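Hi everyone, thanks for coming. I'd like to walk you through one model today, helix by helix, with a few stops along the way.

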Amino acid sequence: MELHIAENLKIMRQKYGYTLEALAEIISVSRQTVAKWEAGDSHPDIINCIKLANLYKMSLDELVNKPLMAVQKNDFAPENGRICGVLDISDEGSINLPKPVMELFDIKCGDKVLLLADKTQGLALVKCSQF
């Protein structure tokens, strides 16, 4: 299994606008440690992976395994949206939106959301108060 953590760490740090020094301070490691992770010379331990995944609002699996190279760092500006992870669909067809998505679009429990579906374009959710 190929790990993508080194390139993902660099992409996400740049996407969020952190310097090596700023990120190192946030997660309580040295700048050199972050540089080694991004170069692939070493890997963060599980505690630091959890800190980084939480900081970047992504799952551990996405941080470590998902190749983000195909997604350009400016494709998802934080003020407009971002890759928010993978959703599980229950046996009944229910989905739970991640809290950051609900906050970004000011969706609260009990709000109505319109589901748009097109076989060629995919799925989209739109908050009904926008109509």
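When I say helix, I mean a DSSP run of H or I that is at least four residues long, and the helices are numbered from the N terminus. Please keep in mind that this is a predicted model.

Let's start with Arg 13, which is found in helix 1. Is Arg 13 buried or exposed? The cut-off for buried is under 20% relative accessible area, and Arg 13, with a relative accessible area of 9%, is buried. Which residues does Arg 13 contact, once we leave aside its neighbours within four places in sequence? They are Tyr 18, Thr 19, Leu 20, Leu 23, Glu 38 and Tyr 56.

Two of those names, Leu 23 and Glu 38, come back in the next contact. Leu 23 belongs to the helix 2 side and Glu 38 to the helix 3 side of the packing between these two helices. As a reminder, two packed helices are described by the angle between their axes and the distance between the axes. For helix 2 and helix 3, the angle is about 105° and the axes are 8 Å apart. These two helices are therefore roughly perpendicular to each other. From helix 2 we have Leu 20, Glu 21, Leu 23, Ala 24 and Ile 27, and they meet Arg 31, Val 34, Ala 35, Trp 37 and Glu 38 of helix 3. Sorted by class, the contact of helix 2 with helix 3 has seven nonpolar residues, no polar ones and three charged ones.

Helix 2 has another partner, helix 4. Here helix 2, residues 20–27, packs against helix 4, residues 46–55, at an angle of about 115°, and their axes are 10 Å apart. This pair, helix 2 and helix 4, is therefore roughly perpendicular too, and the crossing is right-handed. The contact of helix 2 with helix 4 counts five nonpolar residues, one polar and one charged.

Now back to helix 3, residues 31–39. Which of its residues are buried? Val 34, Trp 37 and Glu 38 are. They cover an arc of only 95° around the axis, so they lie on the same side of helix 3. The buried residues of helix 3 pack against helix 1, helix 2 and helix 4.

Trp 37 also touches a residue I like in this model, Pro 44. Pro 44 is in the loop between helix 3 and helix 4, and at 9% relative accessible area it is buried. Not counting residues up to four places away in sequence, Pro 44 touches Ile 5, Leu 9, Trp 37, Cys 49 and Leu 52. Ile 5 is 39 residues from Pro 44 along the chain, yet their C-alpha atoms are separated by 9.0 Å.

Last stop: the backbone. Where do we find positive phi values? Just after helix 3, Gly 40 has a phi of about 85°. Ser 28 is not a glycine, but its phi is positive as well, at about 65°. Ser 28 sits in the loop between helix 2 and helix 3, and with 61% relative accessibility it counts as exposed. Lys 57 is another non-glycine residue with a positive phi, near 55°. Lys 57 lies in the loop between helix 4 and helix 5, and at 38% relative accessibility it counts as partly exposed.

That's my tour; happy to take questions.

Technical notes:
Residues numbered from 1 in each chain as written. Predicted model: local features only at pLDDT ≥ 70, side-chain atom pairs only at ≥ 80, totals over all residues. Heavy atoms only, no water. Axes fitted to C-alpha atoms, helices over the stretch in contact; angles between N-to-C directions. Parallel < 35°, antiparallel > 145°, perpendicular 65-115°, else oblique. Left-handed = near helix turned anticlockwise from the far one by under 90°. Nonpolar A, V, L, I, M, F, W, Y, C, P; charged D, E, K, R; others polar. Buried < 20%, exposed > 50% of the residue type's maximum accessible area, 1.4 Å probe, protein only. Arc of directions from axis to C-beta. Contact = heavy atoms within 4.5 Å.
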